[in-house]
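Colleague: Could you take me through one part of this model, the sheet and whatever packs on it? I'd like the cut-offs along the way.

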Amino acid sequence: MNIYMISYDLHNSETNRRKVERSIESIGECLRCLTTTYFVKTPLSQEEVVHAASKYLDGNDGMIVLTVQNPVSGWLKTELRDQILDFL
């Protein structure tokens, strides 16, 4: 099982936001950790994830898909950090 972090930025935040969120959530088991950042567990390859997650992006939007490995660190509330570590 692969784990990816997907983060996106929409130029017009209201136009396609829900479609982009649904496309990410359809990829696999998801944990939304920040407003536009998800962790996703899926058997799909990174290229397949990019294809599935980016289909509703416009030319001015952006998305990055990263492969995640433990350990993870950052500036987060303890509860969120624990959720992420449990997810991974």
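Modeller: Helices (H or I, at least four residues) and strands (E, at least two) are DSSP runs, numbered from the N terminus. Also, this is a predicted model, where local features need pLDDT of at least 70 and side-chain atom pairs count only at pLDDT 80 or more, while totals for chains, interfaces and linings use all residues. Residues are numbered from 1 along each chain as its sequence is written, and side-chain values use heavy atoms, with hydrogens and water left out.

Now the sheet. It's an open one of four strands in the order β2-β3-β1-β4, with antiparallel pairing. β2 and β4 (62-67) sit at the edges with a single partner strand each, so one side of each has no neighbour in the sheet. On average, neighbouring strands are turned by 20° against each other, direction ignored; the axes behind such angles are lines fitted to C-alpha atoms, for helices over the stretch in contact, and angles run from 0 to 180 degrees between N-to-C directions.

Strand β2 (residues 29-34) is antiparallel to β3 and joined to it by five bridges, and the two make a hairpin with two residues between them. Across that pair, E29 faces K41 and L31 faces F39. K41 also lies over the face of F87, 4.7 Å from the ring centre (the criterion: NZ of Lys or CZ of Arg within 6 Å of the ring centre and within 35 degrees of the ring normal).

Then the helices. α2 (46-53) lies across β1, β3 and β4, at about 155° to β4; touching here means contact, heavy atoms within 4.5 Å.

What holds the most contacts inside the largest nonpolar core? That core has 13 residues, and I6, Y8, V20, I24, I27, V40 and V49 top the list. A nonpolar core is a set of buried Ala, Val, Leu, Ile, Met, Phe, Trp, Tyr and Cys residues joined through side-chain atoms within 4.5 Å, with buried meaning under 20% relative accessible area, exposed over 50% and partly exposed in between (1.4 Å probe, protein chains only). β1 (2-9), α1 (17-25), β3 and α2 each give two or more residues to this core, and β1 gives the largest share, three. A second, separate core of eight residues includes I3, L31, F39 and I84.

Conventions: Two strands pair if DSSP finds at least two bridges between them.
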